[in-house]
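Reader: I have a new structure open and would like to learn how to read it. Could you walk me through a few of its features?

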Amino acid sequence: MKKICLALAMLIMLLSFTACDTSDAKNEIVNLNDIDGKRIGILVGTLFEDTAKEDFPNATLSFYNTYSDLIKALSSDKIDTFLCDDATAEALCDQSDDIEYIPQLITKEKYSPIFTRNEKGKKLCEQFNEFLYEYSESGKLSLLQGKWIKAGTEARLTYYDYEDLPDINGVIKIAATADSEPFSFLSYGRITGYEIGLVYEFCKEYGYKPDLVSLALDDVFSDASVGRIDMGVGLLSYTDERNEKFLFSSPDYEGGAVAVIKADNTDDYDFLAAVKNGFDKTFVREGRWQMFVKGIGVTLLISISAALFGTVLGFGLYSLEFHVMGKTKVVRKLLDIYVLLLKRIPIVVFLMIVYYVIFGNTSVSGLNVSIIAFTAAFSATIVDLFHRAIDRMGLGQHAAALSLGYSSMEAYKKFILPQAARSFANEYKESIISLIQATAVVGYITVEDLTKISDLIRSRSYETVFPLVSTAIIYLLLAWGIMAFVKSLEVGSDPKRRTPEKILKGVDKQ
């Protein structure tokens, strides 16, 4: 009953926030001259920060990770405007009636794909420049831009079968930003857009098979810097500093920065219509419920795998320490350092070290890296739980068992281990809950877990409240389900539910 009440309370909170997700305040910005001194939102990883500082020196800047967050901040009066490319502004306004943009360009920009600074990247960059020149001269580039840029929502429902391209001259690992419509974005769970179409035509022309992944803008640059990808696309701007790390091709699009402002909507607010629209955009439209199912599966895979492997590894490490602690203190010292490091370093930092440093130049996937990292972190938790449980118990029972003729191994298995496990059972369950919660950071290394899927849906639907609260409810249900399973495993170790025969199994009754 408590669980049902909690879920209902969260649902009511969802509806309440949805109802409050509007503002009737009149917009104070009419043209670019009104912006200086106002609050400007900036998307992390873009060059619009430099634009804002140069053209609006008296403005206050705030940074956000997605355009969905920018739109939410604008509608709730946290910012007065935000900057983006003119083509992106057009696409955002197609998706949301709450915003509009001032069509006057603040600055002009050129956008280009990037390539890693190695032999393969240099070859690909040269080939792409050659392809881009021929594609432009033939008039096909203008046709492709006309199809995607400022062409309306319906015109952008095009998908490319890049998975079916043959591997004639090798595979190219390509990262595309997931929040840069109409250049590259997710639709129906697939990456599409103007630059995806351009990449498709390039790979088809040169016999490459593209291996595409969707990333946040700053992650595209991070993965390219360590050689995890060969090419990055998605409205990427040139700077001298970036050019030191990456190779930029010739520009494939020229646009410019514009200011997005809140639209002066005077329509009466319809609460039920807003709720229905939010639910539709989060779950129904483009089959987005399937993305949630996929994210849940990835979260469960990482959590369950890390819990199982981490428990086995932690148990093995502590068992090794227990059996050699009378002979040497080196193992205990090493385990203390192991536990200290993994429990004191923030898990997101540890995860990124494993991904970008330890496995930086390998083909190990982000999913496998996540399982490895969380297995190591959870094993440290298990070792720590054993230490605290044994410290509470003391080693008197171990000594008593030895005096009765049991070997050290038998004493450990029959007396110490069962009591220690029973002692930290509740802490173990709480640690699993913490593990599930901690996996929410795997999106930092390109893994599309539940939280990452929620971010992708927010970036595509420009709906904030429904995806976030729905994700919270799903995590709550996952925790309940896993806890129910763990509790069922406790029955075998509960003395109140075990028969005398099971308790005394293996003990010499004489």
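Author: Gladly! Let's begin with burial: of the 510 residues of the protein, 49% count as buried. Please keep in mind that this is a predicted model.

Reader: How many helices and strands does the protein have?

Author: You will find 20 helices and 13 strands. For contacts with a separation of 6 or more, 78% come from residues 24 or more positions apart.

Reader: How do I read the packing of two helices? At what angle do helix 6 and helix 7 pack?

Author: Look at the angle and at the distance of the axes. Helix 6 (residues 140-148) and helix 7 (residues 194-206) pack at an angle of about 145°, and their axes are 9 Å apart. The crossing of helix 6 with helix 7 is right-handed.

Reader: Which residues make the contact?

Author: Helix 6 brings Leu141, Leu144, Gln145 and Trp148, while helix 7 brings Tyr194, Gly197 and Leu198. Sorted by kind, the residues of this contact are 5 nonpolar and 2 polar, with no charged ones.

Reader: Now the rings, please. How is a pair of aromatic rings described?

Author: In general, a pair of aromatic rings is described by the distance of the centres and the angle of the planes. The structure here holds 25 aromatic pairs. Take Phe279 and Phe466: their ring centres are 6.4 Å apart and their planes stand at 75°, so the pair is edge-to-face. The cut-off behind that step is that planes over 60 degrees apart count as edge-to-face.

Reader: Where in the chain do Phe279 and Phe466 sit?

Author: Phe279 is in helix 10 (residues 271-284) and Phe466 is in helix 19 (residues 465-490), so this pair links distant parts of the chain, 187 residues apart.

Reader: Are Phe279 and Phe466 buried or partly exposed?

Author: One of each! Phe279 has 41% relative accessibility and counts as partly exposed, whereas Phe466, at 4%, counts as buried.

Reader: Which residues form an aromatic cluster?

Author: Phe115, Phe128, Phe131, Tyr135, Phe202, Tyr206 and Tyr208 form one.

How values were computed:
Residues numbered from 1 in each chain as written. Predicted model: local features only at pLDDT ≥ 70, side-chain atom pairs only at ≥ 80, totals over all residues. Heavy atoms only, no water. Helix = DSSP H or I, 4+ residues; strand = E, 2+ residues; numbered from the N terminus. Buried < 20%, exposed > 50% of the residue type's maximum accessible area, 1.4 Å probe, protein only. Contact = heavy atoms within 4.5 Å. Axes fitted to C-alpha atoms, helices over the stretch in contact; angles between N-to-C directions. Left-handed = near helix turned anticlockwise from the far one by under 90°. Nonpolar A, V, L, I, M, F, W, Y, C, P; charged D, E, K, R; others polar. Phe/Tyr/Trp six-rings, centres within 6.5 Å; stacked < 30°, edge-to-face > 60°.
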